[in-house]
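Visitor: I would like to learn how to read the packing of a structure like this one, beginning with a pair of helices. Could you take me through it step by step?

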Amino acid sequence: LWRCFAVQGLAASGAILQQVLRNPLASPTTLGVDAGARLALALVTLLTPALFGFGRDAVALVGSGASTLLVFGLVRRRGFSAISIVLAGLVVGLYCGALSAILVLVKDRYLASLFIWGSGSLSQQSWGPSAALAWRLGIVALPLALMMRPLSLLDLGDESVRSLGLPVARLRVVAIGVAVALSAFVTSAVGVIGFIGLVAPLIARLSGARRFGPRLLWSTVMGALLLLLTDATLQKLAGVSSEFVPTGAVTAVLGSPLLLLLLPRLKTATRAPSPRRDWPGSPA
């Protein structure tokens with residue numbers, strides 16, 4: 001149950017980002033969303049731990065939102081092209097990850113547990129974390145359910161959606177906010193679980209789920225199966241040491257070759273929306 005909640009949130013976040021940005025390589029990892037949350041949690045732990053009084057989820061959400069805004073700010077004048085967004089996201093993610101690693105090395109006395117958590121640890125002592133994550137994801141799922149049909153209509157093209165009276169720019173902003181919230185809540189609870197938000201939607205797309213609704217559904221299913229397979233393999237091979245090896249780190253190791261196998265079958269020439277009309281604050 002714990003694993004299911006975590007990966008379903010990440011897979012749904014990746015599917016939303018890919019649909020909204022028209023970029024099959026968009027995900028919380030490639031856009032630096034989860035890295036921003038991790039850095040924010042590390043900084044607050046060291047500098048202002050009193051902010052945790054507002055909740056760890058709030059801190060992670062602010063960090064994820066800040067890193068996402070930075071990514072879009074960097075690519076604003078490049079028309080939000082698919083390649084520019086991914087490159088900017090990777091740069092921001094690497095930068096945030098490097099800062100987090102430096103903080104852990106310098107302040108290992110205070111951040112030793114952050115290293116294991118940041119690698120995607122699924123260990124739990126009770127059902128409390130599962131219940132807390134479940135109702136948080138449930139709250140975020142409400143606006144997502146209301147946006148399912150408008151997001152599906154984006155496949156028709158911006159002009160067609162606009163002719164139906166739907167505010168395309170506002171829809172994209174709200175959808176990205178939902179995706180960031182999903183990723184932030186999961187990262188706050190279990191750390192960074194690499195590649196699930198990227199690979200699961202790709203597998204769903206390549207398996208024949210062309211429309212957004214079925215793709216979102218099957219992304220969550222594929223994500224759960226991927227993590228289940230990874231965790232079962234880890235427990236089988238590592239034995240009693242499996243509790244000390246973060247599943248998220250192993251997921252990244254196994255997900256990289258899988259991503260390389262999927263890329264040749266993926267059409268990456270997806271055009272990004274016009275920055276003049278579809279994104280608030282874009283240059284004329």
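This is a predicted model: local features need pLDDT of at least 70, side-chain atom pairs count only at pLDDT 80 or more; totals for chains, interfaces and linings use all residues.

Visitor: At what angle do H2 and H3 pack, and how far apart are their axes?

Guide: In general, two packed helices are described by the angle between their axes together with the distance between those axes. Here H2 and H3 pack at about 130°, and their axes lie 7 Å apart. Because angles over 145 degrees count as roughly antiparallel and those from 65 to 115 as roughly perpendicular, H2 and H3 are oblique to each other. The crossing of H2 and H3 is right-handed.

Visitor: How many residues of H2 are buried?

Guide: H2 is mostly covered, with 11 of its 14 residues buried, and among these are Asp34 and Arg38 as well as Val33, Leu39 and Leu41. As for its length, H2 reaches 21 Å from its first C-alpha to its last, which is close to the 20 Å expected at 1.5 Å a residue.

Visitor: Which residues have the most contacts inside the largest nonpolar core?

Guide: That core has 49 residues, and those with the most contacts inside it are Ile16, Leu21, Leu31 and Leu151. The elements that give two or more residues to this core include H1, H2, H3 and H10, while H8 gives the most, with 13 residues. Setting aside residues up to four places away in sequence, Ile16 touches Leu144, Ala175, Val178, Ala179, Leu182 and Phe212. Apart from this core lies another, of 10 residues, among them Val199, Ala200, Leu202 and Leu259.

Visitor: Is glutamine 18 buried or exposed?

Guide: Glutamine 18, which is placed in helix H1, has a relative accessibility of 2% and therefore counts as buried, since the cut-off for that class is under 20%. Leaving out residues up to four places away in sequence, Gln18 touches Asn23, Pro24, Ala26, Gly197, Leu198, Pro201, Leu202 and Arg205.

Note on methods
Residues are numbered from 1 along each chain as its sequence is written. Side-chain values use heavy atoms; hydrogens and water are left out. A nonpolar core is a set of buried Ala, Val, Leu, Ile, Met, Phe, Trp, Tyr and Cys residues joined through side-chain atoms within 4.5 Å. Buried means under 20% relative accessible area, exposed over 50%, partly exposed in between (1.4 Å probe, protein chains only). Helices (H or I, at least four residues) and strands (E, at least two) are DSSP runs, numbered from the N terminus. Contact means heavy atoms within 4.5 Å. The expected span of a helix is 1.5 Å times one less than its number of residues. Axes are lines fitted to C-alpha atoms, for helices over the stretch in contact, and angles run from 0 to 180 degrees between N-to-C directions. Angles under 35 degrees count as roughly parallel, over 145 as roughly antiparallel, 65 to 115 as roughly perpendicular and the rest as oblique. A crossing is left-handed if the near helix is turned anticlockwise from the far one by less than a right angle, and right-handed if clockwise.
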